[in-house]
Amino acid sequence: MFQMSTKPHKVSSLTSSSSKVSSSGKARQASAKSRQNTKKGRSGFVPLAAAASACVGITAAALWKKSKQASRSASTSTSAAASRKSVVAAAASESDRTILILFGPPGAGKGSQAPRIVETLDIPQLSTGDMLRAAVAAGTEVGKQAKAVMDSGGLVSDEIVVGIIKDRILESDCSKGFILDGFPRTVEQANKLDDMLSASGEKVSSVVELSVPDEVLEERICGRWIHKSSGRSYHVSFAPPKSLPSGAKPDESNMLDDETGEPLMQRGDDTAEALKSRLDAYHKQTVPILTHYKPTGVVSSVDANQSQEEVWTGIKTALGA
């Protein structure tokens, strides 16, 4: 008879041994899988944490690059503007710009002749009032100083005005020169202007005075009437409205606009009293500037008590145009 073994401990031992073999196999598989994952990681499968870190690095690098490009662009723009001004400044120091001061009392005809000078010489006419407003609007450093003074109700100093002129004449349209209208008004201002120009090796090259006798100016100024809404201008002697009878004394009843029939008016400073005050200021403050520049040989006086064409001929002669 066949007899079964009565030694179960051997079976148990065999089972244990089998379990060890199975466990060992799983361990080897796990180890192989781990090595495979590691190998994959080396060949391009990046762990999540590493991927996140890399993305942050790439984003930061991109932002830094864009920031640098923007900074370089802004710097280039600023440099370009500075370069344009440097070119004008260099041109000014290397060649003689036409620096013209146009003088004349109220009613002398500057407003009629200045545009012809601008066109002939191809240089801009610079009004201190216009330059001041432009500097304030642009928010330049000098403009900010001027605005602070004006906001406080004060008068803009000569230093600020000269600073505004200094900035303005560096613009490209002044490369050939410029005409100053309304500045300087005093010898002190003329000295400050001379100092500013000499710093760049320049000086005033021409001073043109439009000369008209005071009594003629009174007739010119006090005979002006305007149509307020349109700005149309009339003159009692030289360009009267159709409504003014010959030989009649002008007043609001017979000084009427040709187009609308509305009454004309006179400006507050177009009266004999106001003109006297303006002429006094001109003679006392402005005329000495002519004396200031005469030793340099740049002053010319043009008889402006004649027709506009004759005055223009005199101006061209003075400018050598």
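Guide: Strand E1 (residues 98–103) and E3 run parallel and are joined by 4 bridges. This is a predicted model, in which local features need pLDDT of at least 70, side-chain atom pairs count only at pLDDT 80 or more, and totals for chains, interfaces and linings use all residues. Residues are numbered from 1 along each chain as its sequence is written, and side-chain values use heavy atoms, leaving out hydrogens and water.

Visitor: What makes E2 a partner of E3?

Guide: Two strands (E, DSSP runs of at least two residues, numbered from the N terminus) pair if DSSP finds at least two bridges between them. Strand E2 (residues 125–127) has 3 bridges to E3, and the two run parallel. Leu126 has Leu180 in E3 as its bridge partner, while Ile99 stands opposite Phe178 in E3.

Visitor: Why is E3 called largely enclosed?

Guide: Buried means under 20% relative accessible area, exposed over 50%, and partly exposed in between (1.4 Å probe, protein chains only). In E3 (residues 177–181), 5 of the 5 residues are buried, so the rest of the structure largely encloses the strand. Gly177, Ile179 and Asp181 point one way, Phe178 and Leu180 the other way, and all are buried.

Visitor: Why is H7 called oblique to H9?

Guide: The axes, lines fitted to C-alpha atoms over the stretch in contact, with angles from 0 to 180 degrees between N-to-C directions, cross at roughly 45 degrees for helix H7 (residues 187–198) and helix H9 (residues 272–293). Angles under 35 degrees count as roughly parallel, over 145 as roughly antiparallel, 65 to 115 as roughly perpendicular and the rest as oblique; therefore H7 is oblique to H9.
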